[in-house]
Amino acid sequence: MQRTLVFLALLSGAAVSLPAAVSAAPANELAQAQSHQQKRIQALSRRDRQGAYEALVATGDARPPAPLRDATGHVIGLSVEQRQAATREAAIDLAALGFTAADVSAYRKRDVDLFELVRKFFSGTASPGEQMAMADTVVIATAGPAVQGRTRLDGFLSAIPLTVVDSLKGSRAPGDTVYLARKSGLMPDGLLMEVSSEVALVPGKRYLLALSKNLYEQWTAEARMQPEAAFSALPFLIYEVSDGGALLAGPQPARSGANPKDIKTAERQLRTFSLHQH
């Protein structure tokens, strides 16, 4: 769950460094990072993703040792133990987002290193196309009013329903409903929780959204909660779609790289990195 909180901080625009496992950290911090990694691996096991993680670790260990860089592009000097921890962290992230060792091989044929890509993603330096590559669902959808005030299984307080108009990536089809899980909403005591990093969507407006059902399920597993039965996800990117198909720079644009100006540009960026799209 800590990794997801780091991700949510990235969404809010906060400056976040690489995790302790991949920075030049003292031995005690490395031990703490390894303990945290073990908790995340246990969550993967609860999702039946541990086998995918182990295969990713083996694939990562077999990669030629490439220089690891921080968010500013500077090379980080790592010990053997720290490099192994960095590989494990990236493998956990990839498995959490639904990737497999076969995906790593397929991307490698296109000169794309998924291990490097996922590190860029969680350090907040990934481009819009790279973020869409990390997403499992990219749709154009119409927002509805937030649903809140009921007991949920997943630990979130509300959700925004979105009716799919067009699917650019993933299993959703036009007419399907996707729920954007939110920490904001009515608490059991009746008080309203507002999370400033979460964006508000206007009912009736259309949006292009890059979403991750896998990250949502990883969050619930790490929190020892249960995912909702309906298709729920967490957002990577959200752009409002104008009547002419242009994309407005918000409400949740990329923090790095040029944001797509319209739907066709977003589709081109998606094709550049993604193996599976419509």
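How many helices and strands does the secondary structure of the protein chain come to? In this predicted model, the chain comes to nine helices and nine strands. Of its 278 residues, 49% are buried. Among contacts in the chain with a separation of 6 or more, 66% are accounted for by residues 24 or more positions apart.

Strand β7, residues 206–212, was examined together with its partners. Six of the seven residues of β7 are buried, so the strand is largely enclosed by the rest of the structure. Strand β1, residues 137–143, pairs with β7 in the antiparallel sense, over six bridges. Within this pairing, Leu209 of β7 is the bridge partner of Val139. Strands β7 and β8 also run antiparallel and are joined by six bridges. Here the bridge partner of Ala210 is Leu237 in β8. In general, the side chains of a regular strand alternate between the two faces of the sheet.

Arg206 has its place in strand β7. With a relative accessibility of 28%, Arg206 counts as partly exposed. When neighbours within four places in sequence are left aside, Arg206 is in contact with Ile140, Ala141, Thr142, Val165, Tyr239, Glu240, Val241, Ser242 and Asp243. Arg206 and Asp243 are 37 residues apart in sequence, and their C-alpha atoms are 8.8 Å apart in space.

The aromatic side chains were considered next. The structure holds four aromatic pairs. In one of them, the ring centres of Phe121 and Phe122 are 5.0 Å apart and the ring planes stand at 80 degrees, so this pair is edge-to-face. Phe121 is buried, with a relative accessible area of 4%, and Phe122 is buried, also with a relative accessible area of 4%. Phe121 forms an aromatic pair with Phe236 as well; this pair is tilted, at 4.6 Å centre to centre and with 55 degrees between the planes. Because Phe121 lies in helix α6 (residues 114–123) and Phe236 in strand β8 (residues 232–241), the pair ties together parts that are 115 residues apart in sequence. Both Phe121 and Phe236 are buried. Phe121, Phe122 and Phe236 form one aromatic cluster.

Aromatic rings also take part in arrangements with lysine. The ring of Phe156 has the charged end of Lys183 over it, 5.1 Å from the ring centre. For Phe231, the charged end over the ring is that of Lys213, at 5.6 Å from the centre.

Two packed helices are described by the angle between their axes and the distance between the axes. For helix α3 (residues 50–61) and helix α5 (residues 101–108), the axes come within 8 Å and cross at roughly 35 degrees. On the α3 side the contact is made by Ala55, Leu56 and Thr59, and on the α5 side by Ala101, Val104 and Arg108. Four of the residues in this contact of α3 with α5 are nonpolar, one is polar and one is charged.

Another helix, α2, spans residues 27–46 and contains His36. His36 has a relative accessible area of 17%; a residue under 20% counts as buried, and His36 is therefore buried. Between His36 and Glu89 the C-alpha to C-alpha distance is 9.8 Å, with 53 residues separating them in sequence.

Several backbone features were also noted. Most residues other than glycine have a negative phi, and most peptide bonds are trans. Asp48 has a phi near 60 degrees, a positive value in a residue other than glycine. This residue lies in the loop between α2 and α3, and Asp48 counts as exposed at 71% relative accessibility. Arg224 likewise has a positive phi, near 55 degrees, and is a residue other than glycine. The place of Arg224 is in the loop between α8 (213–222) and β8. At 60% relative accessibility, Arg224 counts as exposed. The peptide bond from Gly250 to Pro251 is cis, with omega near 15 degrees. Pro251 is found in strand β9, which covers residues 247–252.

Key. Residues numbered from 1 in each chain as written. Predicted model: local features only at pLDDT ≥ 70, side-chain atom pairs only at ≥ 80, totals over all residues. Heavy atoms only, no water. Phe/Tyr/Trp six-rings, centres within 6.5 Å; stacked < 30°, edge-to-face > 60°. Buried < 20%, exposed > 50% of the residue type's maximum accessible area, 1.4 Å probe, protein only. Helix = DSSP H or I, 4+ residues; strand = E, 2+ residues; numbered from the N terminus. Lys NZ or Arg CZ within 6 Å of the ring centre and 35° of its normal. Axes fitted to C-alpha atoms, helices over the stretch in contact; angles between N-to-C directions. Contact = heavy atoms within 4.5 Å. Nonpolar A, V, L, I, M, F, W, Y, C, P; charged D, E, K, R; others polar. Pairing = 2+ DSSP bridges.
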